[in-house]
Amino acid sequence: VRRPGFVAVDLGATSGRVMLGIMGSESESEGPPSKVELVECGRFANGPRADDDGALRWDVRALWGGILDGLRSAGRVASERGVEIRGVGVDSWAIDHAFLDASGDLVADPFCYRDPRTDGVADEVYRRIPFADHYAVNGLQHLPFTTEFQLVAGVSTGSTTEKTGSASGGEWARAEQLLLIPDLIGYWLTGRRVAEVTNASTTGLLDARTRTWSAELLGRLAAEYPELAGLRDRLPELVEPGAAVGHLLPEVQEATGLGDVPVLAIASHDTASAVAATPLRDGAAYISSGTWSLVGLELPAPVLTKASRAANFTNELGLDGTVRYLRNVMGLWVLDECVRAWSADDGAPVDLPGLLDAAAAEPGGRCLVDVDGDEFLAPGDMPRRVSDAVARLGVDLPGTRPALVRVILDSLAASSARAISDASSLAGVVVSAVHVVGGGSQNELLCRLTSKAAGLPVIAGPVEATALGNVLVQARAVGVVSGDLAALRDVVRSSVALRRYDPEPVR
Ligand code: LFR
């Protein structure tokens, strides 16, 4: 008998991956599989690109090409390994969305949430529909680029959005449907349009308690911005993770060599898949550490209190009715952007492991910058922006790369520690450990600094939490594994090695 396999398409802000999750092991022929092995079948670059007007957009057709290539190699790997592909699931970063026109074609490449067209828009919206009224329903932290604000930016012609406002307003006029990025890929794979709920929860348009589109918020938005009156009709039907989306279209089967494989809804917000595969136990916080650090707790219900709102905690939706109670910390973006700038200066890629070793040898705690400031959101010129922030603190920092990297990581660790202690007091949960998953779980210095700053043990891994969460939800949807989140996390624990860092002093 062939072992079951599931393909995870995982799109990140800097790269996309196609992973084949192979269930069980050679020795485990009977009974439900206790582990999953991930095989990378494709990897392709991603990143926002400036269009002719300077607007930052995602090249989703290039991503689609990478996905098809990855599916083709997943098919090859599966046949070499005696694996039967039983499903495909797609996750990506949240919030960003595409419009389809009346013929089902893409109206334009989707905007990247880092495009400055949303500057000032949220405040304008809050003057008409207060933040408190939003929070009472959608439970979302304030982020300047939430889908709702992008939509308003697209129909506003005010000075703050002059640059791209009119062009994107034209785009909205042609829009018949709004699809979040993973749902767009799902549509291209199957021809069916849905809105998966964990990702839909980041739009600002969902009710965090009922997990449905909020008639109240959509109604108020339409009353304030008549151009958006048709928004409700442009939002697809919501589905929960585990639902069947459809089957690969004949042309996709042909292009990939895969057969009539089902496409399954998973927790399509990458952070939701990552949290699903974080081997949490009671009282553990998590940091999903990549481009962003998403720092918080898994809860059974949203916390919509005034204190929670003031602390800017979000209630994004998770697997199996859970809530991801967290705050966005700027994450490795700031470091990655510095590395990108330095590599461009040098005309050669910077040696990151070497740089991190040198940063580890720097004295810690020289200063902390507020890495979460909006000033760090946009791409470009990051070393100067961080140095300027240091200078504003009146600190005389040596002008070396390791010194700057150390400040960035100290600041990131401090911000994460603050989010953990805030989440703990706001949700009334005593936190005993912090799980770090995603790419940042491999950054030993960051794990150590986080452990020290939080005064808690850090348990690092899995690196590929998102892909694992994607695969496991598919496996459960078709009955290859069964059980609740705890059972899925048992499979994660037996599949990967975790590393522990105790809060011993770091220099
Ligand atoms: C992480 C992430 C965050 C979201 C940000 C923008 O990849 O999905 O959860 O806030 O990207 O979509």
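The exercises below work through helix packing, a sheet and a ligand shell in a predicted model.

Local features need pLDDT of at least 70, side-chain atom pairs count only at pLDDT 80 or more, and totals for chains, interfaces and linings use all residues. Residues are numbered from 1 along each chain as its sequence is written.

**Exercise 1.** Describe how helix H16 packs against helix H17.

Solution.
- Step 1: H16 covers residues 401-427 and H17 residues 444-454. Helices (H or I, at least four residues) and strands (E, at least two) are DSSP runs, numbered from the N terminus.
- Step 2: The axes of H16 and H17 are 8 Å apart, at an angle of about 45°. Axes are lines fitted to C-alpha atoms, for helices over the stretch in contact, and angles run from 0 to 180 degrees between N-to-C directions.
- Step 3: This angle makes H16 oblique to H17. Angles under 35 degrees count as roughly parallel, over 145 as roughly antiparallel, 65 to 115 as roughly perpendicular and the rest as oblique.
- Step 4: The H16 side of the contact includes Leu409, Asp410 and Ile420, and the H17 side includes Leu445, Leu449 and Thr450. Contact requires C-beta atoms, placed from the backbone, within 7 Å.
- Step 5: The residues of this contact are eleven nonpolar, two polar and one charged. Ala, Val, Leu, Ile, Met, Phe, Trp, Tyr, Cys and Pro count as nonpolar, Asp, Glu, Lys and Arg as charged, and the others, Gly among them, as polar.

**Exercise 2.** Do the corresponding analysis for H13 and H15.

Solution.
- Step 1: H13 (residues 333-346) and H15 (residues 382-392) have axes that come within 8 Å and cross at roughly 125°.
- Step 2: H13 is therefore oblique to H15.
- Step 3: Val334, Glu337, Cys338, Ala341 and Trp342 of H13 meet Met382, Pro383 and Val386 of H15.
- Step 4: Seven of these residues are nonpolar, none polar and one charged.

**Exercise 3.** Which strands stand at the edges of the seven-stranded sheet?

Solution.
- Step 1: The sheet is open, with mixed pairing and the order E17-E18-E16-E15-E19-E20-E21. Strands pair if DSSP finds at least two bridges between them.
- Step 2: E17 (314-317) and E21 (499-501) each have a single partner strand, so they are the edges.
- Step 3: E17 runs antiparallel to E18 (residues 323-329), joined by four bridges, and Thr314 has Leu326 as its bridge partner.

**Exercise 4.** Classify the residues around the ligand.

Solution.
- Step 1: Among them are Trp93, Tyr113, His269, Asp270 and Asn328. The criterion is a C-beta atom, placed from the backbone, within 6 Å of the molecule.
- Step 2: The shell has six nonpolar, five polar and one charged residues.

Terms used. Contact = placed C-beta atoms within 7 Å.
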